[in-house]
Amino acid sequence: MHGEYKVPGGKLVVVDLDVEGGALRNVRVAGDFFLEPDEAILAIDAALEGTPAHTDTAGLTARIDAALPASTVMLGLTSEGVAIAVRRALAQATEWSDYDWQLIHEGPQSPALHMALDEVITAEVAAGHRPPTLRVWEWASPAVIIGSFQSLRNEVDPTGAERHGVTVVRRVSGGGAMFVEPGNTITYSLSVPDSLVSGLSFADSYAYLDDWVLGALGDMGIKAWYQPLNDIATEVGKIAGAAQKRIVGPGGGAGAVLHHVTMSYDIDADKMLEVLRIGKEKMSDKGTKSAKKRVDPLRRQTGLPRTTVIDNMIESFRRRYGLAPGKVSPEEMARAEELVRTKFGTAEWTARVP
(Lines give C-alpha, C1' and ligand atoms only; values in the text may rest on other atoms or scores of the structure.)
Protein backbone atom coordinates (compact mmCIF):
# COMPACT_ATOMS: atom_id res chain seq x y z
CA MET A 1 0.00 0.00 0.00
CA HIS A 2 1.18 3.48 -0.84
CA GLY A 3 0.22 6.78 0.80
CA GLU A 4 1.33 10.36 0.30
CA TYR A 5 0.73 13.52 2.32
CA LYS A 6 2.00 17.05 1.79
CA VAL A 7 2.59 18.56 5.24
CA PRO A 8 0.94 22.03 5.24
CA GLY A 9 3.74 24.53 4.75
CA GLY A 10 6.19 21.65 4.61
CA LYS A 11 7.31 18.75 2.47
CA LEU A 12 5.94 15.57 0.93
CA VAL A 13 5.82 12.41 3.06
CA VAL A 14 5.55 9.04 1.32
CA VAL A 15 4.77 5.76 3.09
CA ASP A 16 4.84 2.27 1.61
CA LEU A 17 3.64 -0.65 3.72
CA ASP A 18 1.92 -4.01 3.81
CA VAL A 19 -0.74 -5.29 6.18
CA GLU A 20 -0.28 -8.82 7.46
CA GLY A 21 -2.35 -10.37 10.22
CA GLY A 22 -3.97 -7.01 10.95
CA ALA A 23 -0.62 -5.28 11.56
CA LEU A 24 1.66 -2.95 9.62
CA ARG A 25 4.63 -4.69 8.00
CA ASN A 26 7.54 -3.65 5.79
CA VAL A 27 6.97 0.02 6.60
CA ARG A 28 9.16 2.45 4.71
CA VAL A 29 8.92 6.22 5.13
CA ALA A 30 10.45 8.54 2.55
CA GLY A 31 10.06 12.06 1.17
CA ASP A 32 11.77 15.35 0.34
CA PHE A 33 11.86 16.51 3.97
CA PHE A 34 14.93 17.12 6.15
CA LEU A 35 15.58 14.92 9.19
CA GLU A 36 18.46 14.66 11.64
CA PRO A 37 20.07 12.42 12.80
CA ASP A 38 20.14 9.89 9.98
CA GLU A 39 19.02 7.05 12.24
CA ALA A 40 15.77 8.89 13.02
CA ILE A 41 14.23 7.60 9.78
CA LEU A 42 14.97 4.02 10.88
CA ALA A 43 13.42 4.77 14.27
CA ILE A 44 10.23 5.93 12.56
CA ASP A 45 10.04 2.77 10.43
CA ALA A 46 10.66 0.60 13.49
CA ALA A 47 8.04 2.44 15.55
CA LEU A 48 5.39 1.70 12.93
CA GLU A 49 6.39 -1.90 12.25
CA GLY A 50 3.88 -4.28 13.83
CA THR A 51 1.42 -1.55 14.78
CA PRO A 52 -2.22 -2.65 14.62
CA ALA A 53 -3.63 -1.46 11.31
CA HIS A 54 -6.66 0.09 13.05
CA THR A 55 -4.50 2.52 15.05
CA ASP A 56 -5.70 6.08 14.51
CA THR A 57 -3.60 9.11 13.61
CA ALA A 58 -3.12 10.16 17.23
CA GLY A 59 -1.96 6.69 18.20
CA LEU A 60 0.48 6.48 15.31
CA THR A 61 1.84 9.93 16.11
CA ALA A 62 2.43 8.95 19.74
CA ARG A 63 4.34 5.82 18.71
CA ILE A 64 6.59 7.83 16.40
CA ASP A 65 7.26 10.54 19.00
CA ALA A 66 8.17 7.94 21.63
CA ALA A 67 10.68 6.26 19.32
CA LEU A 68 12.54 9.33 18.01
CA PRO A 69 16.02 10.09 19.36
CA ALA A 70 16.09 13.03 21.76
CA SER A 71 18.26 15.00 19.34
CA THR A 72 15.81 14.67 16.41
CA VAL A 73 15.26 17.74 14.27
CA MET A 74 12.48 17.71 11.64
CA LEU A 75 12.24 20.29 8.86
CA GLY A 76 9.21 20.10 6.59
CA LEU A 77 8.12 16.97 8.45
CA THR A 78 6.03 16.18 11.51
CA SER A 79 5.22 12.95 13.30
CA GLU A 80 1.56 13.64 12.62
CA GLY A 81 2.33 14.07 8.92
CA VAL A 82 3.87 10.60 8.82
CA ALA A 83 0.86 9.19 10.67
CA ILE A 84 -1.54 10.81 8.20
CA ALA A 85 0.43 9.35 5.27
CA VAL A 86 0.06 5.92 6.90
CA ARG A 87 -3.69 6.35 7.30
CA ARG A 88 -3.94 7.49 3.66
CA ALA A 89 -2.06 4.38 2.55
CA LEU A 90 -4.42 2.18 4.55
CA ALA A 91 -7.45 4.02 3.15
CA GLN A 92 -6.05 3.63 -0.39
CA ALA A 93 -6.40 7.36 -0.88
CA THR A 94 -5.94 8.90 -4.29
CA GLU A 95 -3.57 11.76 -5.12
CA TRP A 96 -4.02 15.02 -7.01
CA SER A 97 -2.01 13.66 -9.92
CA ASP A 98 -4.32 10.66 -10.30
CA TYR A 99 -6.98 12.78 -11.99
CA ASP A 100 -7.60 14.75 -15.17
CA TRP A 101 -8.67 18.05 -13.64
CA GLN A 102 -11.17 20.33 -15.36
CA LEU A 103 -11.51 24.10 -15.11
CA ILE A 104 -14.82 25.97 -15.26
CA HIS A 105 -14.50 29.75 -15.45
CA GLU A 106 -17.57 31.29 -17.03
CA GLY A 107 -19.25 34.68 -17.05
CA PRO A 108 -21.03 36.37 -14.15
CA GLN A 109 -23.92 34.44 -12.61
CA SER A 110 -26.48 35.18 -9.91
CA PRO A 111 -25.66 34.33 -6.28
CA ALA A 112 -28.40 31.69 -6.07
CA LEU A 113 -27.19 30.02 -9.27
CA HIS A 114 -23.67 29.79 -7.86
CA MET A 115 -25.04 27.97 -4.82
CA ALA A 116 -26.92 25.56 -7.06
CA LEU A 117 -23.99 24.94 -9.39
CA ASP A 118 -21.82 23.96 -6.43
CA GLU A 119 -24.32 21.30 -5.43
CA VAL A 120 -24.90 19.99 -8.96
CA ILE A 121 -21.25 19.83 -10.01
CA THR A 122 -20.17 18.11 -6.79
CA ALA A 123 -23.00 15.58 -7.16
CA GLU A 124 -21.81 14.88 -10.71
CA VAL A 125 -18.28 14.26 -9.43
CA ALA A 126 -19.68 11.94 -6.75
CA ALA A 127 -21.58 10.01 -9.41
CA GLY A 128 -18.48 9.71 -11.60
CA HIS A 129 -20.12 11.73 -14.39
CA ARG A 130 -17.52 14.50 -14.43
CA PRO A 131 -13.83 14.75 -13.45
CA PRO A 132 -12.66 16.63 -10.39
CA THR A 133 -13.33 20.28 -11.09
CA LEU A 134 -11.91 23.67 -10.19
CA ARG A 135 -14.62 26.29 -10.73
CA VAL A 136 -13.78 30.00 -10.52
CA TRP A 137 -16.81 32.16 -9.83
CA GLU A 138 -17.80 35.53 -11.28
CA TRP A 139 -20.54 37.45 -9.49
CA ALA A 140 -23.40 39.17 -11.31
CA SER A 141 -24.44 41.19 -8.25
CA PRO A 142 -23.37 41.92 -4.66
CA ALA A 143 -24.38 39.28 -2.15
CA VAL A 144 -24.16 37.95 1.36
CA ILE A 145 -23.74 34.19 1.51
CA ILE A 146 -24.57 32.77 4.91
CA GLY A 147 -23.50 29.36 6.18
CA SER A 148 -25.90 26.45 6.22
CA PHE A 149 -26.48 26.69 9.98
CA GLN A 150 -26.31 30.43 10.56
CA SER A 151 -29.25 32.49 11.78
CA LEU A 152 -30.42 34.86 9.07
CA ARG A 153 -31.50 37.58 11.49
CA ASN A 154 -28.26 37.34 13.49
CA GLU A 155 -26.02 37.70 10.44
CA VAL A 156 -27.72 40.14 8.07
CA ASP A 157 -29.06 43.66 8.50
CA PRO A 158 -32.03 43.64 6.09
CA THR A 159 -32.16 47.43 5.89
CA GLY A 160 -28.53 47.68 4.88
CA ALA A 161 -28.88 44.82 2.42
CA GLU A 162 -31.86 46.47 0.73
CA ARG A 163 -30.18 49.88 0.64
CA HIS A 164 -27.12 48.49 -1.15
CA GLY A 165 -28.98 46.07 -3.42
CA VAL A 166 -27.39 43.03 -1.77
CA THR A 167 -28.93 39.60 -2.35
CA VAL A 168 -28.87 37.17 0.57
CA VAL A 169 -28.45 33.46 -0.15
CA ARG A 170 -27.72 30.42 1.98
CA ARG A 171 -25.13 27.84 0.92
CA VAL A 172 -25.05 24.10 1.66
CA SER A 173 -21.80 24.25 3.63
CA GLY A 174 -21.26 25.44 7.17
CA GLY A 175 -19.07 28.31 8.32
CA GLY A 176 -19.59 32.03 8.47
CA ALA A 177 -21.12 34.76 6.33
CA MET A 178 -19.33 36.13 3.27
CA PHE A 179 -19.81 39.57 1.75
CA VAL A 180 -19.02 39.76 -1.97
CA GLU A 181 -19.19 42.35 -4.72
CA PRO A 182 -18.46 41.86 -8.41
CA GLY A 183 -14.78 42.41 -9.08
CA ASN A 184 -13.80 42.68 -5.41
CA THR A 185 -13.46 39.07 -4.31
CA ILE A 186 -11.96 35.88 -5.73
CA THR A 187 -14.16 32.85 -5.15
CA TYR A 188 -13.51 29.30 -6.29
CA SER A 189 -14.77 25.78 -5.65
CA LEU A 190 -13.06 22.42 -5.71
CA SER A 191 -15.37 19.45 -6.32
CA VAL A 192 -13.31 16.33 -5.65
CA PRO A 193 -13.85 12.60 -5.05
CA ASP A 194 -13.82 11.83 -1.34
CA SER A 195 -10.96 9.38 -1.96
CA LEU A 196 -8.69 12.42 -2.40
CA VAL A 197 -9.08 13.21 1.31
CA SER A 198 -9.31 9.60 2.55
CA GLY A 199 -7.31 9.11 5.72
CA LEU A 200 -7.55 12.78 6.64
CA SER A 201 -9.58 14.17 9.49
CA PHE A 202 -12.20 16.78 8.63
CA ALA A 203 -9.86 19.52 9.88
CA ASP A 204 -6.82 18.13 8.02
CA SER A 205 -8.76 18.06 4.76
CA TYR A 206 -9.07 21.85 4.86
CA ALA A 207 -5.30 22.30 4.98
CA TYR A 208 -4.79 19.63 2.33
CA LEU A 209 -7.23 21.17 -0.15
CA ASP A 210 -5.93 24.70 0.51
CA ASP A 211 -2.27 23.82 0.00
CA TRP A 212 -2.24 24.50 -3.74
CA VAL A 213 -3.52 28.04 -3.32
CA LEU A 214 -0.86 28.77 -0.70
CA GLY A 215 1.65 27.77 -3.36
CA ALA A 216 -0.10 29.95 -5.93
CA LEU A 217 0.03 32.94 -3.60
CA GLY A 218 3.68 32.20 -2.91
CA ASP A 219 4.34 32.29 -6.65
CA MET A 220 3.04 35.88 -6.54
CA GLY A 221 5.28 36.82 -3.62
CA ILE A 222 2.68 36.45 -0.87
CA LYS A 223 3.66 34.38 2.15
CA ALA A 224 0.38 32.80 3.23
CA TRP A 225 -0.45 30.01 5.61
CA TYR A 226 -3.35 27.83 6.66
CA GLN A 227 -4.92 28.96 9.93
CA PRO A 228 -7.17 26.30 11.53
CA LEU A 229 -9.97 25.58 11.02
CA ASN A 230 -10.78 27.20 7.73
CA ASP A 231 -8.84 30.41 7.14
CA ILE A 232 -5.94 31.51 4.96
CA ALA A 233 -3.85 34.24 6.54
CA THR A 234 -0.91 36.51 5.76
CA GLU A 235 0.98 39.07 7.82
CA VAL A 236 -1.87 41.55 7.25
CA GLY A 237 -4.43 39.12 8.72
CA LYS A 238 -7.08 36.82 7.31
CA ILE A 239 -7.43 37.04 3.53
CA ALA A 240 -9.69 34.05 2.83
CA GLY A 241 -12.15 31.64 4.38
CA ALA A 242 -13.07 28.13 3.29
CA ALA A 243 -16.10 25.91 3.80
CA GLN A 244 -16.88 22.30 2.94
CA LYS A 245 -19.75 19.95 2.31
CA ARG A 246 -19.66 16.16 1.89
CA ILE A 247 -22.02 14.71 -0.71
CA VAL A 248 -22.84 11.00 -0.67
CA GLY A 249 -22.57 9.10 -3.94
CA PRO A 250 -25.37 7.15 -5.63
CA GLY A 251 -26.70 4.33 -3.48
CA GLY A 252 -24.70 5.57 -0.50
CA GLY A 253 -21.41 4.70 -2.18
CA ALA A 254 -18.26 6.76 -2.62
CA GLY A 255 -19.06 10.44 -2.66
CA ALA A 256 -17.43 13.80 -3.19
CA VAL A 257 -16.27 16.84 -1.26
CA LEU A 258 -17.20 20.42 -2.05
CA HIS A 259 -14.49 22.83 -0.86
CA HIS A 260 -15.05 26.48 -1.67
CA VAL A 261 -13.01 29.57 -0.78
CA THR A 262 -13.65 33.30 -0.91
CA MET A 263 -10.60 35.59 -0.93
CA SER A 264 -10.62 39.32 -0.27
CA TYR A 265 -9.23 41.26 -3.21
CA ASP A 266 -10.64 44.75 -2.54
CA ILE A 267 -13.65 44.94 -0.22
CA ASP A 268 -15.72 47.99 0.75
CA ALA A 269 -15.51 47.52 4.50
CA ASP A 270 -17.92 50.34 5.33
CA LYS A 271 -20.60 48.77 3.15
CA MET A 272 -19.88 45.34 4.61
CA LEU A 273 -20.44 46.68 8.12
CA GLU A 274 -23.79 48.12 7.05
CA VAL A 275 -24.95 44.81 5.58
CA LEU A 276 -23.55 42.30 8.06
CA ARG A 277 -24.23 42.31 11.78
CA ILE A 278 -20.54 42.13 12.55
CA GLY A 279 -18.50 43.61 15.37
CA LYS A 280 -15.08 45.20 15.50
CA GLU A 281 -13.57 42.12 17.16
CA LYS A 282 -14.63 39.94 14.22
CA MET A 283 -13.40 42.56 11.75
CA SER A 284 -9.92 42.46 13.33
CA ASP A 285 -9.12 39.09 11.72
CA LYS A 286 -10.17 40.32 8.28
CA GLY A 287 -7.21 42.66 7.88
CA THR A 288 -8.60 45.76 9.56
CA LYS A 289 -8.94 46.94 13.16
CA SER A 290 -11.80 49.29 12.42
CA ALA A 291 -14.14 50.24 9.62
CA LYS A 292 -11.98 51.47 6.75
CA LYS A 293 -13.04 52.41 3.28
CA ARG A 294 -11.38 49.36 1.66
CA VAL A 295 -10.05 45.99 2.75
CA ASP A 296 -7.67 45.13 -0.06
CA PRO A 297 -5.09 42.55 1.06
CA LEU A 298 -4.65 40.82 -2.31
CA ARG A 299 -4.73 43.98 -4.41
CA ARG A 300 -2.27 45.70 -2.08
CA GLN A 301 0.09 42.75 -1.63
CA THR A 302 0.28 41.74 -5.29
CA GLY A 303 -0.13 45.11 -7.01
CA LEU A 304 -1.88 43.10 -9.74
CA PRO A 305 -5.33 43.42 -11.33
CA ARG A 306 -7.83 40.88 -10.06
CA THR A 307 -7.98 39.12 -13.42
CA THR A 308 -4.22 38.68 -13.39
CA VAL A 309 -4.31 37.22 -9.87
CA ILE A 310 -6.94 34.71 -11.02
CA ASP A 311 -4.96 33.85 -14.16
CA ASN A 312 -1.84 33.29 -12.06
CA MET A 313 -3.75 31.04 -9.65
CA ILE A 314 -5.15 28.95 -12.49
CA GLU A 315 -1.72 28.63 -14.12
CA SER A 316 -0.19 27.62 -10.79
CA PHE A 317 -2.78 24.86 -10.42
CA ARG A 318 -2.19 23.75 -14.02
CA ARG A 319 1.56 23.46 -13.51
CA ARG A 320 1.09 21.34 -10.41
CA TYR A 321 -1.67 18.96 -11.47
CA GLY A 322 -2.74 19.66 -15.03
CA LEU A 323 -5.98 21.46 -15.87
CA ALA A 324 -8.10 21.20 -19.00
CA PRO A 325 -10.71 23.80 -20.00
CA GLY A 326 -14.31 22.76 -19.41
CA LYS A 327 -17.78 24.18 -19.01
CA VAL A 328 -21.10 23.61 -17.30
CA SER A 329 -23.09 21.21 -19.46
CA PRO A 330 -26.63 22.10 -20.56
CA GLU A 331 -27.94 19.28 -18.36
CA GLU A 332 -26.03 20.56 -15.33
CA MET A 333 -27.26 24.10 -15.94
CA ALA A 334 -30.86 22.92 -16.22
CA ARG A 335 -30.58 21.07 -12.90
CA ALA A 336 -28.97 24.10 -11.27
CA GLU A 337 -31.70 26.43 -12.51
CA GLU A 338 -34.31 24.04 -11.13
CA LEU A 339 -32.55 24.09 -7.76
CA VAL A 340 -32.65 27.89 -7.80
CA ARG A 341 -36.41 27.71 -8.36
CA THR A 342 -37.09 25.07 -5.72
CA LYS A 343 -34.37 25.67 -3.13
CA PHE A 344 -31.68 28.34 -3.26
CA GLY A 345 -33.91 31.11 -4.56
CA THR A 346 -36.68 30.52 -2.03
CA ALA A 347 -37.38 32.36 1.20
CA GLU A 348 -37.94 29.03 2.92
CA TRP A 349 -34.36 27.90 2.27
CA THR A 350 -32.74 31.26 2.98
CA ALA A 351 -34.59 31.61 6.28
CA ARG A 352 -34.50 27.95 7.28
CA VAL A 353 -32.61 29.12 10.36
CA PRO A 354 -34.49 32.37 11.00
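Modeller: A pocket is an open set of grid points with protein on both sides within 12 Å along at least five of seven lines, and a lining residue has an atom within 4 Å of a point. The model discussed here is predicted.

Colleague: Which residues line the second largest pocket?

Modeller: The lining is made up of Glu 4, Tyr 5, Lys 6, Leu 12, Glu 95, Trp 96, Ser 97, Tyr 208, Asp 211, Arg 320 and Tyr 321. The pocket they line has a volume of about 260 Å³.

Colleague: Which elements supply at least two residues each to that lining?

Modeller: They are β1 (2-6), α7 and α11. With three residues, β1 contributes the most.

Colleague: What span is expected of α11, and what does the helix reach?

Modeller: Helix α11 runs over residues 306-321, which is 16 residues. At 1.5 Å a residue the expected span is 22 Å, and α11 reaches 23 Å from its first C-alpha to its last, close to that value. After the helix comes Gly 322, with a positive phi near 85°.

Colleague: Which residues of α11 are called buried, and why are they said to line one face?

Modeller: Arg 306, Val 309, Ile 310, Met 313, Ile 314, Ser 316 and Phe 317 are buried, because each has under 20% relative accessible area. Viewed down the axis of α11, the buried residues stay within an arc of 155°, so they line one face of the helix. In general, residues three or four places apart on an α-helix point the same way, because there are 3.6 residues a turn.

Colleague: What do the buried residues of α11 pack against?

Modeller: Their partners are β6 (102-105), β7 (133-136), β11 (185-193), α7 (202-219), β15 (256-264) and α10 (297-302).

Colleague: Which classes occur in the lining of the second largest cavity?

Modeller: Eight residues are nonpolar, with no polar and no charged ones.

Notes
Residues are numbered from 1 along each chain as its sequence is written. This is a predicted model: local features need pLDDT of at least 70, side-chain atom pairs count only at pLDDT 80 or more; totals for chains, interfaces and linings use all residues. Side-chain values use heavy atoms; hydrogens and water are left out. Helices (H or I, at least four residues) and strands (E, at least two) are DSSP runs, numbered from the N terminus. The expected span of a helix is 1.5 Å times one less than its number of residues. Buried means under 20% relative accessible area, exposed over 50%, partly exposed in between (1.4 Å probe, protein chains only). The arc is that of the directions from the helix axis to the C-beta atoms. Contact means heavy atoms within 4.5 Å. On a 1 Å grid over the protein atoms alone, a cavity is a set of points where a 1.4 Å probe fits but cannot get out, and a pocket is an open set with protein on both sides within 12 Å along at least five of seven lines; lining residues have an atom within 4 Å of a point. Grid points are joined across faces, edges and corners, and a volume is the space filled by probe spheres set on the points. Ala, Val, Leu, Ile, Met, Phe, Trp, Tyr, Cys and Pro count as nonpolar, Asp, Glu, Lys and Arg as charged, and the others, Gly among them, as polar.
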